[in-house]
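Please open the model in your viewer and keep the selection panel at hand.

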Amino acid sequence: KLMRKEHKSKKGGLTAAGRAYFKRKTGANLKPPVTEKNPTGKRLARKKSFCARMAGVKGPMKDKKGRPTRKALALKRWRC
């Protein structure tokens, strides 16, 4: 397991500390989610791309206890 609990945001996705940890471990440069209501330019393209990819990911939107999954939280946070 690569990520620790404190690196995961309760709203979905990773915290800034989580992104920094992931960069140290893998060299990836993860950017924060686009949460603006009206993004422009490159941010809008990133948002559209993310929403298109994540919407097609298999898996439930709620777990067995009725709580939203990480997928559902990420889509909500990105306003997809």
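This is a predicted model: local features need pLDDT of at least 70, side-chain atom pairs count only at pLDDT 80 or more; totals for chains, interfaces and linings use all residues.

Which helix gives the most to the lining of the largest pocket?

**First stop: the pocket.** Select Gly13, Leu14, Leu30, Phe50 and Trp78, the lining residues that lie nearest the centre of the largest pocket. In total, 16 residues line this pocket, and the space within it comes to about 480 Å³. Two elements give two or more residues each to the lining: helix 2, residues 42–55, and helix 3, residues 70–77. Helix 2 is the one that gives the most, with four residues.

**Second stop: the two helices.** Select helix 2 and helix 3 together and view them along their sides. Their axes lie 11 Å apart, and the helices pack at an angle of about 155 degrees. Angles over 145 degrees count as roughly antiparallel, and helix 2 and helix 3 are therefore roughly antiparallel to each other. Their crossing is left-handed.

**Third stop: the contact.** On helix 2, select Phe50, Met54 and Ala55; on helix 3, select Lys71, Ala74 and Leu75. These residues make the contact between the two helices. By class, the contact has five nonpolar residues and one charged residue, with no polar ones. Finish on Phe50, which belongs to the helix 2 side of this contact and is also among the residues nearest the centre of the largest pocket.

Definitions and conventions:
Residues are numbered from 1 along each chain as its sequence is written. Side-chain values use heavy atoms; hydrogens and water are left out. On a 1 Å grid over the protein atoms alone, a cavity is a set of points where a 1.4 Å probe fits but cannot get out, and a pocket is an open set with protein on both sides within 12 Å along at least five of seven lines; lining residues have an atom within 4 Å of a point. Grid points are joined across faces, edges and corners, and a volume is the space filled by probe spheres set on the points. Axes are lines fitted to C-alpha atoms, for helices over the stretch in contact, and angles run from 0 to 180 degrees between N-to-C directions. Angles under 35 degrees count as roughly parallel, over 145 as roughly antiparallel, 65 to 115 as roughly perpendicular and the rest as oblique. A crossing is left-handed if the near helix is turned anticlockwise from the far one by less than a right angle, and right-handed if clockwise. Contact means heavy atoms within 4.5 Å. Ala, Val, Leu, Ile, Met, Phe, Trp, Tyr, Cys and Pro count as nonpolar, Asp, Glu, Lys and Arg as charged, and the others, Gly among them, as polar.
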